[in-house]
Structure formats: structure tokens, C-alpha cells
Amino acid sequence: MEASAASTRVAPSAVDVWRVDTTDGAAAPRTTLAVDELERAARLRSEQDRSRFVAAHVALREILSCYAGGPPALLRFAQAPAGKPFLCGVDRPRFNLSHTGNVALIAVADREVGVDVERVVTLDVRALAPLVLGCDERAVIGRCRPDERGRTFLRLWTLKEAFAKARGIGLGFDLASVDVSPALTPPTAGWLAIDDTYVRELSVGTAYVAAVAVLEAPARVVLRRWPSRAGNAPPRHRPPSGLS
Ligand SMILES: CC(C)(COP(=O)(O)OP(=O)(O)OC[C@H]1O[C@@H](n2cnc3c(N)ncnc32)[C@H](O)[C@@H]1OP(=O)(O)O)[C@@H](O)C(=O)NCCC(=O)NCCS
């Protein structure tokens with residue numbers, strides 16, 4: 001779908017992060033999805049996973065159509081070599097999706113962006129940490145109370161995954177070599193620069209941890225909910241006020 005330049009302009013220095021409740025995928029208008037999206041949903045094993053996938057992808061189309069213009073069903077997607085999806089026919093917005101449990105986060109920006117959300121679950125941190133964390137990151141975990149170690153591991157993990165997703169490189173690199181521990185440590189907490197990529201945590205409640213990353217320069221983060229309430233909705237076919 002071609003959209004006018006005006007309708008695809010996204011103001012610089014902002015990233016909108018939409019939180020989507022994917023509990024009720026059965027109510028989502030799946031007619032907006034393309035055949036390949038429906039086929040991917042159908043391949044998932046449980047009805048709950050299928051429903052959540054549909055809810056997340058319907059929301060993705062609806063949200064992106066507010067930025068790019070045109071009906072959600074007409075948006076076309078393609079994938080970069082390591083699988084990162086992008087919108088065909090328009091240079092902007094850039095976006096990224098992450099889902100876990102009944103939550104999806106959809107980050108939208110004027111430049112490459114990555115987002116990751118994980119549900120806080122019990123983990124064998126002792127076994128996992130040496131595989132993916134560097135020594136400064138393991139030291140952060142070592143300083144935590146034992147009951148905080150799993151959550152801290154996941155905080156570090158989401159920062160790494162958001163970094164990888166912004167760059168579109170997947171997880172096939174030496175994860176331990178990218179030290180994200182300063183992002184958790186005051187006074188550095190906030191945006192952490194790793195070469196040309198900026199990562200920071202997002203606050204999404206106690207049951208989840210999340211992080212976002214953008215290329216080039218730090219951006220103002222605006223957390224939003226989808227479906228949006230009055231005053232929170234992006235006007236259709238032009239950038240939402242939160243991005244100005
Ligand atoms: C990207 C990746 C880290 C996401 O893992 P995850 O924690 O299971 O899933 P999340 O929910 O956080 O993110 C999934 C979403 O990220 C997006 N995505 C997929 N590949 C991506 C990539 N390389 N970079 C950024 N985002 C990507 C998709 O929108 C996907 O949603 P979908 O599966 O519903 O379409 C993982 O799938 C990965 O490593 N992929 C790359 C594989 C690779 O290197 N392939 C090389 C082929 S040559």
C-alpha cells in the first residue's frame with residue numbers, strides 16, 4: 001500500500017510503545033489478517049496461543065494503519081534477512097512487536113526500534129547466567145537478594161533482546177559480549193548507549209519485565225494502551241500527538 005509522505009511522517013525523538021491485552025483474540029477482526037498470518041496462527045498448538053497471536057497481529061495492523069494510513073487489511077509486510085518485519089511501500093514508521101502471556105508490546109518509531117517483554121517466571125538462573133551474561137551482569141545478579149535473581153536475569157535478558165531486535169540481528173551472536181548491566185545501575189539507569197543503539201527498561205507492572213531499543217539517538221518513550229481510550233487514540237492517517 002502506498003501512503004502519502006504526509007501520512008507516514010513520524011516526528012523524531014519519540015517512540016510510542018503500545019501495550020495490547022491479547023486475552024480475547026476471538027473477538028479480534030481476523031479478516032484484516034493476510035493468508036500467511038492466518039496460516040501461522042493455525043500452526044500454533046493451543047487455542048490460547050492461536051487466539052493471542054491473532055489478537056497481537058490484528059492490533060499491530062490497526063495501530064500501524066493509524067501511522068501509515070489506509071485500512072489495516074491493506075498493509076503489506078516483508079522480512080529483513082534475519083526475519084525482522086517491516087512495512088512495504090513506506091519508509092516509516094518502523095516498528096517492532098513482542099509478546100508473552102496475554103501481553104503484547106508494539107513499539108513504533110521513526111527509526112529502527114526493538115522491544116521485548118517477558119513474563120516473570122521461575123528460572124534456573126545459576127544454569128542460564130553463564131550462557132548469556134557477561135561478568136559484570138553476573139555480578140549484578142550476585143548482589144541481588146535470592147528472590148530477586150530471576151527477575152533481574154529477565155531484566156538483563158529483555159535489554160539484550162531489545163538491542164538485538166532493534167538491530168534486526170536475531171540472537172545468534174555472543175550475548176555475553178554485550179554488557180547491559182549499566183542500564184540497571186543508578187545513576188546510569190535510563191538510556192544506555194551501545195555503539196549506535198540505545199536501550200532502556202520499560203515499566204510494565206510487576207508480572208512482566210520489558211525493554212526498548214532505538215538506533216541513532218535516545219527517544220522520548222510514550223507508553224500507550226490499545227485499544228485506546230478517549231484522548232489516547234492516534235488520529236487516523238497522521239502521526240499521533242504523542243509523537244510530536
Ligand atoms: C527475533 C527473536 C529474538 C524474537 O524472539 P522471541 O522472544 O521468541 O519473540 P518476541 O515475542 O519477543 O518477538 C517476536 C516478534 O519479533 C519480530 N521479529 C522476528 N524476527 C525478528 C528479528 N530478526 N529482529 C527483530 N524482530 C523480529 C516479529 O514481529 C515477531 O513476531 P511474530 O512471530 O508474531 O511475527 C527470535 O525470533 C530470533 O532470534 N529470530 C532471528 C532468527 C534468525 O537469526 N534467523 C536467521 C535466518 S537467516
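**Helix packing and the ligand shell in a predicted model**

Good morning. The crossing of helices H5 and H6 is right-handed. I begin there, noting that the structure under discussion is a predicted model.

Two packed helices are described by the angle between their axes and the distance between the axes. For H5, residues 135-142, and H6, the axes come within 9 Å and cross at roughly 150 degrees. H5 and H6 are therefore roughly antiparallel to each other, given that angles over 145 degrees count as such. On the H5 side, the contact involves Glu137, Val140 and Ile141, which meet Arg149, Thr152, Phe153 and Leu156 of H6. Sorted by class, the contact of H5 with H6 has four nonpolar, one polar and two charged residues.

How does helix H4 pack against H6, and at what angle? H4, residues 125-132, packs on H6 at an angle of about 25 degrees, and the two axes are 11 Å apart. That makes H4 roughly parallel to H6. H4 passes H6 in a left-handed crossing. The residues that H4 contributes are Val125, Leu128, Ala129 and Val132, and they meet Arg149, Gly150, Phe153 and Trp157 in H6. The residues of this contact of H4 with H6 divide into six nonpolar, one polar and one charged.

I turn to the ligand. Which residues lie closest to the ligand? Of the 18 residues that surround the ligand, the closest are Gly83, Lys84, Ser98, Lys165 and Gly170. Two or more residues of the shell come from each of strand E4 (94-100), strand E6 (113-119) and helix H6 (149-167). E4 gives the largest share, four residues. By class, the shell has six nonpolar, eight polar and four charged residues. Domain 1 (12-110) and domain 2 (118-210) each supply at least three residues to the shell.

Finally, some points of backbone geometry. Most residues other than glycine have a negative phi, and most peptide bonds are trans. A cis peptide bond joins Arg92 and Pro93, with omega about 5 degrees; Pro93 sits in the loop between strand E3 (85-87) and E4. A cis bond also runs from Trp226 to Pro227, where omega is near 0 degrees, and Pro227 lies in the segment after strand E10 (220-226). Asp195, a residue other than glycine, has a positive phi, near 55 degrees. Asp195 is located in the loop between strand E7 (192-194) and strand E8 (197-202).

Thank you for your attention.

Note on methods:
Residues are numbered from 1 along each chain as its sequence is written. This is a predicted model: local features need pLDDT of at least 70, side-chain atom pairs count only at pLDDT 80 or more; totals for chains, interfaces and linings use all residues. A residue is near a molecule or strand if its C-beta atom, placed from the backbone, lies within 6 Å of it. Ala, Val, Leu, Ile, Met, Phe, Trp, Tyr, Cys and Pro count as nonpolar, Asp, Glu, Lys and Arg as charged, and the others, Gly among them, as polar. Domain bounds come from an automatic or database domain assignment. Axes are lines fitted to C-alpha atoms, for helices over the stretch in contact, and angles run from 0 to 180 degrees between N-to-C directions. Angles under 35 degrees count as roughly parallel, over 145 as roughly antiparallel, 65 to 115 as roughly perpendicular and the rest as oblique. A crossing is left-handed if the near helix is turned anticlockwise from the far one by less than a right angle, and right-handed if clockwise. Two residues are in contact if their C-beta atoms, placed from the backbone, lie within 7 Å.
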